[in-house]
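Open the model in your viewer and keep the selection panel handy. We will go from one selection to the next and say what is there.

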Amino acid sequence: PYALFGVAMGWALASKINTAPLVVLLPGAALISYLKLNSEQREHLASTYLRNLVIAGILCLLTFRIFQPYAFTGPTFFHVIPSQKWIDTMEDLAAQSGGDVDFPPALQWARRPIWFSGQNMIVWGLGLPLGLLSVAGFLWMGRRVFIKGEWHKHALLWGWTGVYFVWQSTLLSRTMRYQLLIYPTLAIIAAWAVF
């Protein structure tokens with residue numbers, strides 16, 4: 001699973017660099033799994049967890065190198081110095097979507113309320129039935145994490161969804177398409193609420 005996560009994460013990064021925050025999920029899952037072990041198991045398996053995380057990281061970087069060659073100077077595969085042109089392009093795109101430059105298409109997002117993307121996700125992105133169920137499930141799961149103490153079961157899914165949603169909701173471009181990385185987790189939370 002660690003190796004598969006590394007490869008899949010490399011593919012995701014090569015396709016859309018905005019998926020980079022997903023990298024924290026594997027160490028987060030490993031930490032939660034590690035904390036559930038008793039002290040003897042922790043001592044015995046600590047190096048295994050670390051080794052697996054390093055393997056996942058190497059596979060992620062290798063996959064990114066293969067599937068996003070424009071991010072590197074080249075001309076051969078082993079030239080892994082980042083391309084300044086690619087870095088400049090990423091900085092320009094970040095400035096355009098962040099409101100740091102006068103970019104006319106971004107003006108439509110000025111003065112949108114913080115709940116704008118969430119409201120649009122519930123009504124249009126997920127649809128009212130799934131949207132309302134996912135919000136109810138999210139609140140219920142949060143209760144289970146903080147009040148019932150079931151953090152080890154739900155913290156990763158709940159935390160990722162909440163933190164990513166708040167982060168994207170506070171940026172200038174408060175569009176529901178930037179919330180795309182939590183649509184699957186909201187669907188899982190809604191299914192969890194049903195069952």
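**Stop 1: the largest nonpolar core**

Select Phe64, Trp160 and Ile182: of the 17 residues in the largest nonpolar core, these touch the most other members. A nonpolar core here is a set of buried Ala, Val, Leu, Ile, Met, Phe, Trp, Tyr and Cys residues joined through side-chain atoms within 4.5 Å; buried means under 20% relative accessible area, exposed over 50%, and partly exposed in between, with a 1.4 Å probe and protein chains only. Now colour helix H1 (2-15), H3, helix H7 (151-169) and helix H8 (183-194), the elements that give two or more residues to this core. H1 supplies the largest share, three residues. Helices (H or I, at least four residues) and strands (E, at least two) are DSSP runs, numbered from the N terminus.

Before moving on, a note on the model: it is predicted, so local features need pLDDT of at least 70 and side-chain atom pairs count only at pLDDT 80 or more, while totals for chains, interfaces and linings use all residues. Residues are numbered from 1 along each chain as its sequence is written, and side-chain values use heavy atoms, with hydrogens and water left out.

Stay on Phe64 and show its contacts (heavy atoms within 4.5 Å). Leaving aside neighbours within four places in sequence, Phe64 meets Gly10, Leu13, Ala14, Ile17, Ala71, Phe72 and Trp86. There is also a second, separate core of six residues; select Tyr2, Leu26, Tyr49 and Ala56, which are among them.

**Stop 2: two buried loop residues**

Go to Ser83, in the loop between helix H3 (39-67) and helix H4 (84-98). Is Ser83 buried or exposed? Ser83 has a relative accessible area of 12%, so it counts as buried. Residues up to four places away in sequence aside, Ser83 touches Tyr70, Ala71, Phe72 and Thr73.

Next, pick Thr175 in the loop between H7 and H8. Thr175 is buried too, because its relative accessibility is 10%. Which residues does Thr175 touch, not counting those up to four places away in sequence? They are Trp109 and Ser117. Draw a C-alpha to C-alpha distance from Thr175 to Trp109: the two are 7.8 Å apart in space and 66 residues apart in sequence.

**Stop 3: helix H8**

Select H8, whose 12 residues reach 17 Å from first C-alpha to last, close to the 16 Å expected at 1.5 Å a residue. That expected span is 1.5 Å times one less than the number of residues. Show the side chains of Tyr183, Thr185, Leu186, Ile189, Ala190 and Ala193, which are buried. They cover an arc of only 160 degrees around the axis, so they lie on the same side of H8; the arc is that of the directions from the helix axis to the C-beta atoms. These buried residues pack against helix H5 (116-125), helix H6 (128-146) and H7.

**Stop 4: a salt bridge**

Select Arg144 and Glu150, which form a salt bridge with their closest N and O atoms 3.0 Å apart. The rule asks for a side-chain nitrogen of Lys or Arg within 4 Å of a carboxyl oxygen of Asp or Glu, and by it the count comes to one. Arg144 is partly exposed at 22% relative accessibility, whereas Glu150 is buried at 16%.

**Stop 5: zoom out**

Finally, show the whole chain: eight helices and zero strands. Of its 195 residues, 33% count as buried.
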